[in-house]
Amino acid sequence: MITMQAVVEVPALDNDPAPPWPVAQIAPWSWLPLNAGCTDEELGLFVAALAARIPTPTEDL
């Protein structure tokens, strides 16, 4: 039997500032399995991973 699991690659969250919500501390570039048993911190990490891929314009100060 083949079982498939949804996963997301954990980004290196070394950006400033840190997300304003709880985020699980998992090694960058590892895989976070997504399922009904995810903790709030793992879900926060998933949202942070999605947000990290959104391009933002930079301003010259």
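Colleague: How far apart are the end C-alpha atoms of helix α1 (residues 40–52)?
Modeller: Helices here are DSSP runs of H or I with at least four residues, strands are E runs of at least two, and both are numbered from the N terminus. The expected span is 1.5 Å times one less than the number of residues. For the 13 residues of α1 that gives 18 Å, and the prediction agrees because its end C-alpha atoms are separated by 18 Å.

Colleague: Before we go on, what pLDDT do local features need?
Modeller: Residues are numbered from 1 along each chain as its sequence is written, and side-chain values use heavy atoms, with hydrogens and water left out. This is a predicted model, where totals for chains, interfaces and linings use all residues, side-chain atom pairs count only at pLDDT 80 or more, and local features need pLDDT of at least 70.

Colleague: What radius of gyration does the chain have?
Modeller: The C-alpha trace spans about 55 × 20 × 15 Å along its principal axes. The radius is taken over C-alpha atoms, and the globule rule is 2.2 Å times the number of residues to the power 0.38. For 61 residues a compact globule would come out near 10 Å, but this chain has 14 Å.

Colleague: Which strands do the buried residues of α1 pack against?
Modeller: Buried means under 20% relative accessible area, exposed means over 50%, and partly exposed is in between (1.4 Å probe, protein chains only). In α1 the buried ones are Gly 44, Leu 45, Ala 48 and Ala 49. They cover an arc of only 145 degrees around the axis (taken from the directions from the helix axis to the C-beta atoms), so they sit on the same side of α1. What the buried residues of α1 pack against is β1 (7–9) and β2 (31–33).

Colleague: Which residues does Leu 45 touch, leaving out those up to four places away in sequence?
Modeller: Leu 45 is in helix α1 and is buried, at 3% relative accessible area. Its C-alpha is 9.0 Å from that of Pro 11, 34 residues apart along the chain. With contact meaning heavy atoms within 4.5 Å, Leu 45 touches Val 10, Leu 13, Val 23, Ala 24, Ile 26 and Leu 32.

Colleague: Is Val 23 buried or exposed?
Modeller: Val 23 lies in the loop between β1 and β2. Val 23 touches Leu 13, Glu 41, Gly 44 and Leu 45, not counting residues up to four places away in sequence. At 17% relative accessibility, Val 23 counts as buried.

Colleague: Which residues make up the largest nonpolar core?
Modeller: A nonpolar core is a set of buried Ala, Val, Leu, Ile, Met, Phe, Trp, Tyr and Cys residues joined through side-chain atoms within 4.5 Å. The largest one has seven members: Val 8, Val 10, Val 23, Ala 24, Leu 32, Leu 45 and Ala 49.

Colleague: And Trp 29, what's its phi near?
Modeller: Trp 29 is in the loop between β1 and β2, and its relative accessible area of 56% makes it exposed. Most residues other than glycine have a negative phi. In Trp 29, though, phi is positive, near 70 degrees.
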